[in-house]
Structure formats: structure tokens, C-alpha cells
Amino acid sequence: MQETVRLTMAQALVRYLAALRTEDGQPLFGGAFAIFGHGNVAGLGEALYQYKDSFPTYRAHNEQAMAHAAIAYAKAHMRRRMMAVTSSIGPGATNLLTACALAHVNRLPVLLLPGDVFVSRAPDPVLQQLEDTSDGSVSVNDAFKPLSRYFDRIIYPEQLLTALPRAIAALTDAAACGPVTLSLPQDVQTMAYDYPADFFEPRLVRFRAVPPILQELEEAAALLKHAKQPMIVAGGGVLYGKASAALQAFAERHGIPVAETQAGKSSLPWNHPLQLGAIGVTGSPAANALAAEADVVLAVGTRLQDFTTGSNSLFAQAQLVSLNVNAFDALKRRGLGLQADATLGLQGLSRHLDGWNSAGQWLERAQQAGHAWRDTVAAITGQREVAGLPYDGEVIGAVQRSAPDSTSRDIVVCAAGTLPAELHKLWRTSTPGGYHMEYGYSCMGYEIAGGLGVKMAKPESEVIVMVGDGSYLMMNSEIATSVMLGKKLIIVVLDNRGYGCINRLQQACGNASFNNMLPDSAPVIDFALHARALGALSEHVGNIAELESAMLRARAAPRTYLICINTDDTRTTEEGGCWWEVAVPEVSPQLRVQLARARYETERLKQRN
């Protein structure tokens, strides 16, 4: 007779998750973030308490923020480890929706466990229940369905026997990776069932690397062999596939320069001779100039979003070879798809190229362009004396100069506003994952919560969160969580008194500055004082020299340390960048808008459909 163990559905769920191991012996799940309410405290809350020694639970202050932290944890682990997140029903659940969308867009794993209404319908409507007059089965958790890679509502305890393996398969699938939502009705959480004992035995979770198909390798190699001016665009798949070494070996063997997307930055050391820097709308002049002339572009592990391709205008003339583990991404822009793991794909492609190497003149030009750009970066970030307010590039330089040496384990975290463009161009790192940017969804408020998740994943690193005042005001509560958990962050707030990035975009589209910057009558916000109230150490600095000194104090501090500096909302790094399609009104009484529309229509002619 099969041995069984009687557990509630919630107990069985937690026990199963706690038993999963990665190939190097670590728990697959780093634990769970939880904010309890009536929809999860009695059922799942009891289970988490029971297994707290093998499956730790972390308290947070905001449901969206704790999900961001969990997502950042998985990203910092290159998707090899992850976390669960549980909320109550109602607003607790819907607060997770933004994070769920973020994880879906960025192809990052997180297990969401929102509470749900009673299946029994005995208390109907229960507190916080959404009532649909045409469908009695609807709850707010149905909103997770289009945002999740896998969704299931657990209405019987034994359903876990099927749902949990499917959930883990989705979370660990290289191509279909993303958020999984298991909706947990609060009465079903507490129901018991006699589960097979072997369901909870420790089990290994393998991350499968998709091998390339021979015919696709041959087609891609044939295209590259005829290239005179090839380049590589490295995306996040290089990092998630742990393919940095394979990328470097491929580029060196075949003499192909490399440019990096936002998600792919740090794939190649910043000072490598074949490194062209960032590409696209936030790209370097070196990368974008060569991209505009490349005849073949090998896109590795990138979903080719508009910031990378200049809205399909940047390398529109090039033949595209797209190496991607996900067929959906590999087939974009009518390129030649090579569906495979990044490491296996590059290694296989290299074998089929034999001794082929790109033309010497092209390679020499790329190396010169990359070297010149690195000199420019050094000049921009090396500014110590600034007339008036500093801008983001000068702040970045001060932050990096405070590192003890060039091999520091600093990880910068950011997400939205002006900083992603400046960091993409100017941040220097030689460590894969040393640049942690959430730019797939560009979600304001991710930064501090994301920094917490990174620190939990990489406690040995100095995690530096760079954030604008707008994003800080949207979500800052996890400062208190970082202090409570003893997970030290260095937070640098750049205060330009408003939404400076969108204000500049607004004006570039011909409109006047409107509803973005704070008026002079608005109160001056003391970010340092606010952070101190949340338990952090903090200070406000007046210039770049003071920032450098403050960074040294922050590095030596025992807990989270916030530094605020006022910055210029009008200045940006002029070098680099390319066109990005933002639709301008076709009809307007404003002359500046009319002129912007004319420029817009001219630029659209460069797009490749």
C-alpha cells in the first residue's frame, strides 16, 4: 500500500517547494515574501510557520515591492533560484499585478500565491470579494491569467499533485520562463488530503539547455561567412544562459565586435577590445555607428525591443541572425532564427565557421571606435568640479570612483527615468550581473525593492541603488525592510525636482513643459530625513566632491545608507543615442508640434517593416 501523509493543501504546497534542489545542491526557492491578511494568514500562514526552518518567510511592507524583490532575486541568480510571494485576497492580490506583468515581460521566474474567495461560497461576498453579476466564478485573481506563464486555481487539495510540477516546469523552462500564479481559495488552503509521501521527497530540478538544430547552424554559418561587416548584439539571454565566456571566445575567434542591450549589459567586460558598449536609443556612438553599417547582425538572447533596434530603424539594412532559446524571439524582424541555448548555439556556430574571421579593416575600425568611446566615458565620469548642479553622468562617475578597486563586486540597480540611459552608456563593470537594470517594463518603484532582492541573492556584493526622486516617491517602503532584515543597500537619490526624463521627451515632441516638473511652490522634500525615519543612515550632499566622501562613509556603514544629491534636469550625455518612435500629433495648433511631426514622419521612412 502506498505510504501517505495527511496535510492541508497549504502545508503540502510549502513542503513540496522546500524539498526542491538545484543541481549544485541549493534550495531552488530562497523562501517566501509574505504579507498576511484574512485570505492567507490562517491557511498558508500556518504552513509557512510550520516549515519556517526549511523555507524561510520574509515580511515586507508592500505587496508590489515584495514581488519586485523576489523577481530581482531570481534575476541576480540568472533564473537558477527564485522566491514565492503570497498575499491576501482583494487589494493584496491586485497589488501584485504590476510585478506579475514585469516578470512576464522580462522572462523572469516568480511564484505568486494570492489568496482567493471561498470555493464553498458560504460567506458570499466575503470581505474584499469582487462580485461579477454575470459570472459567479470570477475573482480579481482572474486578472493574473494574461500576465502569467502558467495559472491555476486550486479548488481541491489533490490538485497540487498536478499543478505544482507544472508550475515548476514553467518557472524553470528556458524559453517559457516567467511568472506562475497559483490562486489559493482561503477555505481550500485549510482542507486536508492524504498525499503520497514520495511527493515530498527531495528532488533535483534541472535547467535544460536547448541544443541547436544542425540545419539552422549551417544556414546561420553560411550567412556569417559572407559578412564583411558583422556585429553581435548581446541580450539578457547571454547572462541567463551563463554564456559570457562563450560569447567572448566566439567574438575573439571570429573577430566580431559586440554591443550590449540593457538586459545584456555586463555580458562582456567593459574594457574588452571588442566591446562597443551599449546599443540603441540609450546606446554609445561606437555601437550605433557600426550598427548602422553592419551587413549581418548576430542577435544573441535578445527580444529586440524598440530601444535596442531604434524602433526597427537602427540596423534595418542588415541581415539578422537571431540566436534565442525562445522561438517567439528568434523569429522577430523576419530574421534567420537559430533556436538554441546561448552557450550551445555560439559554440556550435563557431565550429561551423571553422577558421572564418571578419575583415581586418572592419575589425580595426570597431576596436578604434570602442577605445575612443571608453576614453569619452572616462572624461565624462571623471568630472569632479562642476559649475552649477551636476548631472547623472557626473554622479555615476563619483559612485564608481568610490569603489575600493577595479575588481569590486559592486552591482548597480535601476529601472526607470533618466538614469537607465546614462547607466547603460556609462556604468563600467567586468562582472556578469554587475549591471542590474529592469528596463523591459521600466517600472518606476522597482529600484529599492529590486535592490533588496539583489542583496538577498548576492550578500557578498555592494548593492548600489541609483534612483530618481520620482521613482523614490512611488515606492520606498522596502528601505525599512532592508534595515529590518539586515540587508544593507547604498541608495543614491538624484533629485531633479520632478519627472525630468519625460519632461524632456515632452518638449522634444514639440509640447511645452507641462505637468512633469514640480512647481517652485511645491515643498522641498528632505529625502535624507525621510530615509532616516525608515531606519536608514543618510545625508544630503551638495556637490560631486561631497558625494565621493559620502560614498566612502556609506561603504563603511553597518546598514542601509541613503545619499541624496540635487541634479540638473536639463543636462544629459549628448554622445550616442538614436531615434525612437514616439507618435507626435498629426494635427496641432502649436508650431513646435507641427515641426516635430515633420521630423517624426521623416524618421519613420528609415524603419524596416
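Mentor: Let us take the second largest cavity of this predicted model. Its lining includes Ile89, Gly90, Asp116, Gln128 and Asn141. The space inside amounts to about 40 Å³.

Trainee: How much space lies in the largest cavity, and which residues lie nearest its centre?

Mentor: The largest cavity holds about 150 Å³. Of its 18 lining residues, Lys265, Trp270, Gln275, Gly277 and Trp427 lie nearest the centre. Strand 13 gives the largest share of the lining, four residues. Two of the residues named also take part in charge–ring contacts: the charged end of Lys265 sits over the ring of Tyr435, 5.4 Å from its centre, and the ring of Trp270 has the charged end of Arg428 over it, also at 5.4 Å from the ring centre.

Trainee: How many aromatic pairs does a search of the whole structure find?

Mentor: The search finds nine. In one of them, the ring centres of Phe307 and Trp580 are 4.6 Å apart; the planes meet at 75 degrees, so the pair is edge-to-face. These two residues are 273 residues apart in the chain.

Trainee: Is Phe307 buried or exposed?

Mentor: Phe307 counts as buried because its relative accessibility is 11%, under the cut-off of 20%. Trp580, at 30%, is partly exposed.

Key. Residues numbered from 1 in each chain as written. Predicted model: local features only at pLDDT ≥ 70, side-chain atom pairs only at ≥ 80, totals over all residues. Heavy atoms only, no water. 1 Å grid on protein atoms, 1.4 Å probe; cavity = no way out; pocket = protein on both sides within 12 Å on 5 of 7 lines; lining within 4 Å. Points joined across faces, edges and corners; volume = space filled by probe spheres on them. Phe/Tyr/Trp six-rings, centres within 6.5 Å; stacked < 30°, edge-to-face > 60°. Buried < 20%, exposed > 50% of the residue type's maximum accessible area, 1.4 Å probe, protein only. Lys NZ or Arg CZ within 6 Å of the ring centre and 35° of its normal.
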